[in-house]
Amino acid sequence: MRAPRIFAAFAVSALAAIGLTACSTADDTRPTIVVSTNILGDVVEELVGDQAQVVTLMKPNADPHSFEISAQEAATLRSADLLVSNGLGLEEGLQQHLDAADAVPAFVAGDVVEVLDYSEGDAAGMPDSHFWTDPERMIDVVDAIEPVLAEIDGIDAEALDETVEDYRGELQALDAEMTDAFATIPDERRALVTNHHVFGYLAERFDFDIVGAVIPGGTTLAAPSASDLADLVDAIDETGVPAIFAESSSPDRLVQALASEANVQVEVIELYTESLTGPDEGAPDYLTMMRINTERITTGLTS
């Protein structure tokens, strides 16, 4: 199942690199589904298989808060059979285009999950957009989008039901694996420090504490103040966390500086949190991304 999907993702990326999109194939009569982020793009591809053209706007290793699209991609978005987005304020740089496509049938994943609010920083009280760090909530998204996909002309509902059932099973297996792995972390080490607040859903689902974030808000476009860093250093000293985590889509310079300023032995570990990678890199799909992060968090907090 993995290899055909990775090849398809690579093919779409190659076309985009030369200024084309999947829907530019004149003799391809399949419906077009445009997806904002590459995490959701991967999930939608798994569900529809070759029944539709899936055009993912966000390139590998991009920042979902700030990525931009071309005029041609914007035109593709406005002519799609379905537009799938994350919502909850994640796609900040894309929002104007999403708003302009109000005539296109849309599915917003953030509308179908139980939403948490940020608990601290400038975004305190605002909805947290990073629901995918909890695989149970991704199952909620899959369950909610299936009837929407089934209504698209050209998609066979029975075939869709089979692929959805298969992928739901994979998500359930992922959830069980994460539960078992995180259970090996001692209670006193179940604390997370990251670039910014991206693990609220994971923390609630698997019983972690969020000690803090270098960027005290829900977006990588924010910047920490000197007092923010000082407070975080104090928290690290008090909890004695053995590792802090840097996101692959954001520079880890601030995290490295924080580790140095804390004057303790704190390992800086890279995670894949907001973007998938290219097919030959570490996290080409959602399931792989979550498994790698689980292994790195578990190892970092138990070593």
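Author: Helix 3 spans residues 71–78, and Glu73, Ala74, Thr76 and Leu77 are its buried residues. Seen down the axis of helix 3, they fall within an arc of 160°, so they line one face of the helix. An α-helix has 3.6 residues a turn, so residues three or four places apart point the same way.

Next, the cores. The largest nonpolar core has 57 residues. Ile33, Met138, Phe208, Tyr286 and Ile297 touch the most other members. Take Tyr286. Leaving aside residues up to four places away in sequence, Tyr286 touches Ile39, Asp42, Val43, Trp132, Asp134, Pro135, Met138, Tyr167, Leu171, Leu174 and Leu276. Another core lies apart from the largest one. That core has 15 residues, including Val34, Val55, Leu83 and Val104.

Helix 2 (residues 38–48) packs with helix 6 (residues 157–182). Their axes are 7 Å apart, at an angle of about 130°. Helix 2 and helix 6 are therefore oblique to each other. From helix 2, Asp42, Val43, Glu46 and Leu47 make the contact. From helix 6, the contact residues are Leu160, Thr163, Val164 and Tyr167.

Now back to the strands. Strand 4 covers residues 106–108 and includes Val108. Val108 has a relative accessible area of 24%. Buried means under 20% and exposed means over 50%, so Val108 counts as partly exposed. Beyond residues up to four places away in sequence, Val108 touches Ser85, Asn86 and Gly87. The C-alpha atoms of Val108 and Asn86 are separated by 5.6 Å, although the two residues are 22 residues apart along the chain.

Last, confidence. The chain averages a pLDDT of 84, and 77% of the residues score at least 70. Two stretches need care. Residues 1–25 stay under 50, and the model gives them 30 contacts beyond four places in sequence. Residues 217–221 are also below 50, with 20 contacts in the model beyond near neighbours in sequence. Where pLDDT is low, the predicted coordinates should not be read in detail.

Technical notes: Residues are numbered from 1 along each chain as its sequence is written. This is a predicted model: local features need pLDDT of at least 70, side-chain atom pairs count only at pLDDT 80 or more; totals for chains, interfaces and linings use all residues. Side-chain values use heavy atoms; hydrogens and water are left out. pLDDT is the predictor's confidence in each residue, from 0 to 100. Contact means heavy atoms within 4.5 Å. Buried means under 20% relative accessible area, exposed over 50%, partly exposed in between (1.4 Å probe, protein chains only). Helices (H or I, at least four residues) and strands (E, at least two) are DSSP runs, numbered from the N terminus. The arc is that of the directions from the helix axis to the C-beta atoms. A nonpolar core is a set of buried Ala, Val, Leu, Ile, Met, Phe, Trp, Tyr and Cys residues joined through side-chain atoms within 4.5 Å. Axes are lines fitted to C-alpha atoms, for helices over the stretch in contact, and angles run from 0 to 180 degrees between N-to-C directions. Angles under 35 degrees count as roughly parallel, over 145 as roughly antiparallel, 65 to 115 as roughly perpendicular and the rest as oblique.
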